[in-house]
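Please consider the structure below, with attention to its backbone geometry, its strand pairing and its side-chain contacts.

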Amino acid sequence: MEKEKSVLRELVGWLVYILVIVAVTWLVVTFVGQRTRVSGQSMETTLHDGDNLIVDKISFRFRDPKRFEIIVFPYKYEENTYYIKRIMGLPGETVQVKDGYLYINGEKLEENYGNELMNSAGIAAEPIVLGEDEYFVLGDNRNHSSDSREPKVGVIKREDLLGRAWIRIWPLDQFGAIKHE
C-alpha cells in the first residue's frame with residue numbers, strides 16, 4: 001500500500017513537472033520569442049534563404065518599432081506564412097519611390113540596405129501617407145522582394161507586427177544577434 005502511494009505520488013509529481021514545462025514553453029512562444037525560417041532571397045545580403053531566426057515578440061509591447069528594424073509579420077493571403085522585411089517608413093510619414101530611390105516626406109532617404117536601385121515603384125509610385133499605426137516595409141534585395149510596394153502586401157499595421165528579428169541561430173557559423181542599424 002505504501003509502495004503504491006509512493007508510485008502514485010511520483011507519477012503526479014512528473015505530471016505536474018511536464019505540465020509546468022508545457023505551460024512555460026507556451027508562454028515563451030506566445031509572448032516572448034518564436035523561431036522562424038527565412039525562405040527566399042528578399043532580405044539578402046542581410047539574411048539568407050534557410051537562415052533560422054528567433055523573433056523577439058516582446059520589445060514592441062514596450063516601445064514603438066524604429067526605422068531600419070527587421071520585422072516579421074503574417075502574409076494575409078496565406079495561413080502560416082510570414083514575411084521578413086525592413087521598416088523604412090514610419091507612422092505619419094509620406095513615402096514614395098522615385099527613380100529607384102525611397103523618399104520620405106519628399107526627401108531621399110539615405111540608407112545602404114538596398115542592394116540596387118528599385119526597378120519598380122509599385123503602388124509607391126504615387127505618394128503614400130502612412131496612418132498613425134502604419135509602416136512601409138521593403139526587402140533588402142529590392143528587385144526580388146514582395147513588400148509594401150505590392151498591393152497584396154501594402155502598408156503594415158502595427159497590430160500585425162509579430163516581432164523583430166533578434167538572433168540568427170542557424171547556420172551556426174553566423175550565430176548571433178541581428179544588427180538592425
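Pro-171 is placed in the loop between strands E11 and E12, the latter spanning 176–177. The model is a predicted one, and in it the peptide bond that joins Trp-170 to Pro-171 is cis, with omega about 5°. A cis peptide bond also joins Glu-44 and Thr-45, where omega is about 20°. Thr-45 belongs to the loop that runs between strand E1 (33–37) and strand E2 (52–56).

Strand E11, which covers residues 163–170, leads on to the strand pairing. Two bridges join strand E11 to E3, and the two strands run antiparallel. Within this pairing, Val-72 stands opposite Gly-163 of E11. Strand E3 also pairs with strand E4 (residues 82–89), again in the antiparallel sense, over five bridges. Here Ile-71 has Lys-85 in E4 as its bridge partner.

The loop between E2 and E3 contains Arg-67. Is Arg-67 buried or exposed? Its relative accessibility is 19%, and because the cut-off for a buried residue is under 20%, Arg-67 counts as buried. Two contacts of its side chain may be followed in the model. The side chain of Arg-67 reaches the backbone oxygen of Met-88 at 2.5 Å. A polar contact of 2.6 Å joins the side chain of Arg-67 to that of Glu-93.

Which phi value does Asp-99 adopt? Asp-99 has a positive phi of about 50°, although this residue is not a glycine. Asp-99 lies in the loop between strand E5 (94–98) and strand E6 (101–104). With a relative accessible area of 69%, Asp-99 is exposed, since exposed residues are those over 50%.

Asn-105 likewise has a positive phi, of about 50°, and is not a glycine. The loop that holds Asn-105 lies between E6 and strand E7 (107–108). The relative accessible area of Asn-105 is 47%, and this residue is therefore partly exposed.

Key:
Residues numbered from 1 in each chain as written. Predicted model: local features only at pLDDT ≥ 70, side-chain atom pairs only at ≥ 80, totals over all residues. Heavy atoms only, no water. Pairing = 2+ DSSP bridges. Helix = DSSP H or I, 4+ residues; strand = E, 2+ residues; numbered from the N terminus. Buried < 20%, exposed > 50% of the residue type's maximum accessible area, 1.4 Å probe, protein only. Polar contact = N/O pair within 3.5 Å; in protein donor to acceptor, adjacent residues only side chain to side chain.
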